Amino acid sequence: GPQHQTVSASTEGDAALADRIRSLPGSFDSFRALSVAEVGPDGTVFAGLGDADPSNPGAPEADTVFELGSITKTFTGALFAEAIERGEVAPDDELAQYLTELEGTPAGAVTLASLSQHSSGLPALGATAEQSSVASVLFNENAYSSTTTAQLIADAAIAPVDPDQGSVYSNFAVSLLGTALVEAAGEKDYAALLHDRITEPLGMDDTVVAATADEVPAAAVPGFLTNGTPATRWWGEGYLPAGSSTFTTVADLAAWARANLDGTAPGAAALEPTGTMAEGVEIGGHRPLLDRASTV
């Protein structure tokens, strides 16, 4: 049954930052813990609030490992911009140019730019993940474990494409984009591409993706539903570029934020708007923008 969740009094790191976070308007109900970094011209400070792991009480630290979720898409957007700069791909290239299994299909004819901007006409999920998503909601299961990269492409081969549907947020589209970028770069898989072009150059050593259950970091804090029920771990190969199972720390994300702010991040051109996602919201190589500062 429902359990009340809120951030406890436990605190780690910079006390002044923690106090400012606690004084923000609104409620911390449904949250269990917060891990915060403030990036400024004089450096970065960290604060942890609440108890991230009930079996090991205490506030999270800068190196506490959390699931990242769809913020992973900022990596995929940057990898796309970086691939354009390297001359490996072009925004108007069709998907089938890199995923040849899709030649002659509607999905094969969509452009890489449309995948990154959620305007490809593809649905939010491929058929396999869509079928699993019902059980995921009803029974707290992993909707992504059944979709390998090969299955993702097979789902794309039969997927409908509606050019008139407008902007539809699509894990399916971004995962296909990331898969195409792996092929264009000649890399082994998305994990290798992410490591070689973003996390290793920026020293983000605690940021990993989990294609299998065995690759989930043992130190990662557990996740919970908003009613306090323990959430199942998500992992799965096919949707890695969309964020099905990325694990990281606030220290690594602060390094990512700083590199984007000072322009040294690989693929920083993804910050520049190239289209409109919704009224008042522009989108770049992937990242939805309200203004430059809001991206990070």
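This report describes charged side chains in a predicted model, covering salt bridges and a patch of negative charge.

## Salt bridges between separate elements

The whole structure contains 4 salt bridges. One of them joins E38 and R20, whose closest N and O atoms are 3.0 Å apart. This pair links distant parts of the chain, with E38 in strand 2 (residues 33-40) and R20 in helix 1 (residues 15-22), 18 residues apart. E38 has a relative accessible area of 34% and is therefore partly exposed; R20, at 41% relative accessibility, is also partly exposed.

A further salt bridge is formed by E67 and R233, with 2.8 Å between the closest N and O atoms. E67 belongs to strand 4 and R233 to the loop between strand 5 (208-209) and strand 6 (246-248), so the pair ties together parts that are 166 residues apart in sequence. E67 is partly exposed, with a relative accessible area of 32%, and R233 counts as partly exposed at 23%.

R86 and E82 meet through their side chains in a salt bridge of 3.3 Å, N to O. Both residues lie in helix 2 (residues 72-86), 4 residues apart, which is about one turn of the helix. R86 is partly exposed, with a relative accessible area of 48%, whereas E82 counts as buried because its relative accessibility is 13%, and buried means under 20%.

## Negative surface patch

On the surface, a patch of negative charge is formed by E12, E61, D63, D196, E200, D205 and D206. Within this group, E61 is placed in the loop between strand 3 (43-50) and strand 4 (66-67). E61 counts as partly exposed, at 42% relative accessibility.

Technical notes:
Residues are numbered from 1 along each chain as its sequence is written. This is a predicted model: local features need pLDDT of at least 70, side-chain atom pairs count only at pLDDT 80 or more; totals for chains, interfaces and linings use all residues. Side-chain values use heavy atoms; hydrogens and water are left out. Patches are made of residues with over 30% relative accessible area and no salt bridge: like charges are joined within 9 Å, nonpolar side chains (Val, Leu, Ile, Met, Phe, Trp, Tyr) within 5 Å. Accessible areas come from the Shrake-Rupley method with a 1.4 Å probe; for residues, only the protein chains shown count as cover. Lys and Arg count as positive and Asp and Glu as negative; His and the chain ends are not counted. The place of a charge is taken as NZ of Lys, CZ of Arg, CG of Asp or CD of Glu. Helices (H or I, at least four residues) and strands (E, at least two) are DSSP runs, numbered from the N terminus. Buried means under 20% relative accessible area, exposed over 50%, partly exposed in between (1.4 Å probe, protein chains only).
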